Amino acid sequence: MGVSNVRVDLAERSYEIAIGPGVIQQAGAALRAAGARRAVVIADSGVLSNHAITLEGALRHAGVDSFTIPVPSGESSKSAAEAGRLWEILAAAAIDRQTHLVAVGGGVVGDLAGFVAATFARGLAVWQVPTTLVAQVDSAIGGKTGINLQGGKNLVGAFWQPRGVLADIETLVTLPEREFTSGLAEVVKYGMILDAELFGWLEEHADAVHLRRPEDLAHIVRRSVELKASVVERDEHERTGLRAILNYGHTFAHAYETACGYGRLLHGEAVAIGMADAADLAVRLGRIPAELAVRQERLLEALRLPIRLPAGPLPTADELMAVMARDKKSLHGSLRFVLPDALGSVALVPDVDGSLVRHVLARQG
Ligand SMILES: NC(=O)c1ccc[n+]([C@@H]2O[C@H](COP(=O)([O-])OP(=O)(O)OC[C@H]3O[C@@H](n4cnc5c(N)ncnc54)[C@H](O)[C@@H]3O)[C@@H](O)[C@H]2O)c1
Ligand SMILES: [Zn+2]
């Protein structure tokens, strides 16, 4: 199977995303071609013994001097403390502008390393080598980087585009089943917001996709990346409102993630429940027929994703409403949601009636 390249066109910040089996092997040549003499690999500790080693080998083979900094797995590494630790290591290693950072791992390491690259020495080149489905289809592309504060997720960050992305679909084979399934929620999202054909493909392959055959993985990653790139190209800094469509399902999802505490729900699981909620809200507003909401629920379930919160203590509607009112997407306290109007089409809907939102949340009880 070949490698496909998707270009993200952003004037002088343009870059290529290479997708395919074994593309990690290209890392050394890619960095050299971009003028790197040295590299610092920032690696999720969960991929140290396999994918990070492959990456280090590829760099060495191309004559790029490198060392690796392991980062503990888990959302808690997206912290100011961890960013500070990385800054100090880079400072002690006398990093200069010919040194490129390379993030290998999922969205946690990608967001953290991207943020460190954006801020250290006023900006270093960073490469993303995503090894989770979430990271390959979403977080490694588009230049959003950041860390969490006690006060909220992704509250400190920067737009900092990578120099390139190497999405090696072979790395997805070692991913735990639950993490893989969680990533499929973002693929469903792209289908719902932009691509009825992708949605139909998922319906046909809902079971088979769990076999993680290379051709299926290449298809979903490539299509997702093309769709995300097309949005980012038109609204890099989330100014026109277009990029906001990527937050379909995410207003509800963030409320669940916050209210349930990180850990009980994986991000993609929260997004799946959030998309079911958003479609329900769209039905209540008369924007879509009930059949479309049902069709989306069927696909999510066929993909083994949740559409309701798992058993356990449930957050109250008041708690969830309070979190949503604080959401970055709510403007001056009014509730805004990305809602479908047809399969493959959504819009940002302002001033949604809070009592309708409460009805949607009541489904969880
Ligand atoms: N920047 C963006 O645009 C953007 C978009 C979506 C999500 N995100 C962020 O991404 C993060 C979630 O990313 P994630 O879902 O990739 O989670 P993650 O980075 O926490 O990785 C999930 C788990 O998989 C392990 N892992 C990674 N690759 C593996 C592999 N190939 N084999 C086996 N195990 C592997 C990790 O050690 C970790 O335990 C969140 O912090 C979220 O805010 C950012
Ligand atoms: Zn997401």
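This is a predicted model: local features need pLDDT of at least 70, side-chain atom pairs count only at pLDDT 80 or more; totals for chains, interfaces and linings use all residues.
Is His-250 buried or exposed? Residues are numbered from 1 along each chain as its sequence is written, chains are lettered from A and ligands numbered from 1 in the order in which they are written, and side-chain values use heavy atoms, with hydrogens and water left out.

**The zinc site**

His-250 is buried, with a relative accessible area of 4% (buried means under 20% relative accessible area, exposed over 50%, and partly exposed in between, with a 1.4 Å probe and protein chains only). Now show the zinc ion (ligand 2), which is coordinated by Glu-186 (OE), His-250 (NE2) and His-267 (NE2) at 2.0 to 2.1 Å; donors are N, O and S atoms within 2.8 Å of the metal (3.2 Å for Na, K and Ca), and because water is not among the atoms, sites may look incomplete. Along the chain, these donors follow the spacing E-x63-H-x16-H. His-250 lies in helix α9 (residues 250-260) and His-267 in helix α10 (residues 267-284), so the pair ties together parts that are 17 residues apart in sequence; helices (H or I, at least four residues) and strands (E, at least two) are DSSP runs, numbered from the N terminus. His-267 is partly exposed, with a relative accessible area of 24%.

**Two loop residues**

Most residues other than glycine have a negative phi. Select Arg-212, in the loop between α7 (196-204) and α8 (214-234), where phi is near 55°, a positive value in a residue other than glycine; Arg-212 is buried, with a relative accessible area of 12%. Move on to Glu-238, in the loop between α8 and α9, which has a positive phi of about 55° although it is not a glycine, and which counts as partly exposed at 29% relative accessibility.

**Strand β1**

Next select Ser-4, which is placed in strand β1 (residues 4-8) and is buried, with a relative accessible area of 19%. Leaving aside neighbours within four places in sequence, Ser-4 is in contact with Ile-17, Ala-18, Ile-19 and Arg-222, where contact means heavy atoms within 4.5 Å.

**Helices α3 and α4**

Finally, display helix α3 (residues 80-92) together with helix α4 (residues 107-119), and look for Glu-82, Ala-83, Leu-86, Trp-87 and Leu-90 in α3, which meet Leu-112, Phe-115, Val-116 and Thr-119 in α4.

Conventions
Axes are lines fitted to C-alpha atoms, for helices over the stretch in contact, and angles run from 0 to 180 degrees between N-to-C directions.
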